[in-house]
Amino acid sequence: MEPTTVACNCRISDVSQRGISASAEATSYFAAVIKLNERLWSPEDPEGNIVMSIAENRLTVDLIKDKLQSKLSFPDSVFFYDNTAGSAKMKAAMIGLLQHTFMKGLKLHPDNVTVSSGCGAVISNLIYCVTQPGEGIAIPAPYYPAFDFDLTCKNDAVPVAVHLSASDQPYDQQLQTASDDYLQRTGKRLVALLVTNPDNPTGTVYSEQHLLQMLKWCVQNKVHMISDEIYANSIFKPDCQFTSMAVLASTAQEHGLDQEDVKSYVHIIFGLSKDWCASGLRVGCLWTLNARLQAALQNVNAFYGVSGIAQHMIAEMLEDLSFVDKYLKENKRRLGSAYDTLAGALTEAGIKFTPAVGSVFCWVDLRSALSQPTWEAERELWEQGFVQRCGFIITPGQASHASGPGFFRICYAIVDRETILQLVQRLVGFITKSDAERQQVPLWINTASMQKAKEEIEEDPTQPAKPAFE
């Protein structure tokens, strides 16, 4: 009997195509962050580098550290398996925090919260559960650079930057235009709208009117309304009016929306990384009233749980509402002080920026410093100017899908006041030079060194620090 020949499309590779795709850089500026972090500026080392491109708050870590160190006693139960969506104690503490702060007046239930290992995991799991390959996720731009990584590393969703104009048509009409365009170009739907409020990278807050327009468009078109409110407790301007999408959704019937559809399509993301100076604890949460989604996340989240010890300690901290009030008040004070330092220095130097009211960012307009109004010129100014000749890194606007070249994001809550002033001094000292004078500035970080850093990342894309740089 003749042997049967079977055609084989077998791949010959040590990893799958998924693995190859996942090994790409999380952000376009990762290599520069790694290189500049090798030697950081301090008054004792004035030749050190300045890294202000990481979306992190380190201003009140002393308060969190002291509080958690007082909670080092824990029960035996933290060593054993627990609910994959989070322990009962942790979920109750998170609900208590929400009802005490930016979701006041709502009756919330712990069963509607899933606790995961960071908001990146929350987003990845959520998108996994609500999208099909090739479907689009609309994101108002400019937006958080790592959203692209969060949405595509494990999922085949497509981030779609949508530039909404407050002076143009209502947001729901602009979103419909974007949706029609995506359907015509790809044959696929926009199935979710991902909004960060307060915003990353501008530090602004959406008005209730604009939030309602987005909510109406999502619910009426059965599009998932995902509101990332990870900075909701980091609003430092006291006259700012912030409205959680959960609060707005609770009044949906007053606006002619079907309450059952609202339950199915509204999801809120929050966590400890930003408001609570605790990005290393890896705690992110999702609040949703969608029962089928909750059931899916119960299983998917089995791979993304937070340790029992961490959950217990954090819950103990959040249950102390007196501490919560004192901490948030001091955190907002320090954030406001850091922002005012940066804003004051930029104003004095004549550098334009978007006035912020919250989060940890300042969106600066350096279009006048470009040699040409192109993305290539922005990259040249950033890499050959700021990184290699000035020894500092801020986030290039192209990484945030800015509407045009020349905008940059400064993360001011990761450093102290002296470092902020040093950054502005270096920035102003460089952009006020002519193009010819800039070329004469000695290299702070040489090209060969930067290229070596990039090659090291390509050779070893699994560096453990990679996901931390946002």
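# Helices, loops and backbone exceptions in a predicted model

Me: In this predicted model, where does P198 lie, and what is the peptide bond from N197 to P198, cis or trans?
Reply: P198 lies in the loop between β5 (190-196) and α8 (208-220). Omega of the bond that leads from N197 into P198 is near -5°. Most peptide bonds are trans. The bond from N197 to P198 is cis.

Me: Which residue does a cis peptide bond join to A141?
Reply: The bond has an omega of about 5°. The residue in question is found in the loop between β3 (136-140) and α6 (147-152). A141 is joined by this cis bond to P142.

Me: What is phi of C277, and is C277 buried or exposed?
Reply: C277 is placed in the loop between β7 (266-271) and β8 (284-288). Most residues other than glycine have a negative phi. Phi of C277 is positive, near 50°. With a relative accessibility of 9%, under the 20% limit, C277 counts as buried.

Me: What value does phi take at S359?
Reply: S359 sits in the loop between β9 (352-354) and β10 (361-365). Its relative accessible area is 0%, so S359 is buried. Phi is positive here although S359 is a residue other than glycine, and the value is near 70°.

Me: How many helices and strands are in the chain?
Reply: The C-alpha trace spans about 80 × 65 × 55 Å along the principal axes of the chain. The secondary structure of the chain comprises 17 helices and 13 strands.

Me: Why is the chain as compact as a globular protein of that length?
Reply: For 470 residues the globule rule gives 23 Å. The chain is close to that value and is therefore as compact as a globular protein of that length, its radius of gyration being 23 Å.

Me: What share of the residues in the chain is buried?
Reply: The chain exposes about 21600 Å², of which carbon and sulfur atoms supply 51%. Of the 470 residues, the buried share is 54%.

Me: What is the orientation of α12 to α13, parallel or perpendicular?
Reply: The axes of α12 (residues 308-319) and α13 (residues 321-348) come within 5 Å. They cross at roughly 85°. Angles of 65 to 115 degrees count as roughly perpendicular, so α12 is to α13 roughly perpendicular.

Me: Which residues in α13 meet α12?
Reply: By class, the contact has five nonpolar, no polar and one charged residues. From α12 come M317, L318 and E319. In α13 the residues that meet them are L321, F323 and V324.

Me: Which residues does H100 touch, leaving aside those up to four places away in sequence?
Reply: H100 is in helix α4 (residues 88-100) and is partly exposed, at 23% relative accessibility. The residues touched are L321, V324 and D325.

Definitions and conventions
Residues numbered from 1 in each chain as written. Predicted model: local features only at pLDDT ≥ 70, side-chain atom pairs only at ≥ 80, totals over all residues. Heavy atoms only, no water. Axes fitted to C-alpha atoms, helices over the stretch in contact; angles between N-to-C directions. Helix = DSSP H or I, 4+ residues; strand = E, 2+ residues; numbered from the N terminus. Parallel < 35°, antiparallel > 145°, perpendicular 65-115°, else oblique. Contact = heavy atoms within 4.5 Å. Nonpolar A, V, L, I, M, F, W, Y, C, P; charged D, E, K, R; others polar. Rg over C-alpha atoms; globule rule 2.2 N^0.38 Å. Buried < 20%, exposed > 50% of the residue type's maximum accessible area, 1.4 Å probe, protein only. Areas by Shrake-Rupley, 256 points an atom, 1.4 Å probe, with all protein chains shown as cover.
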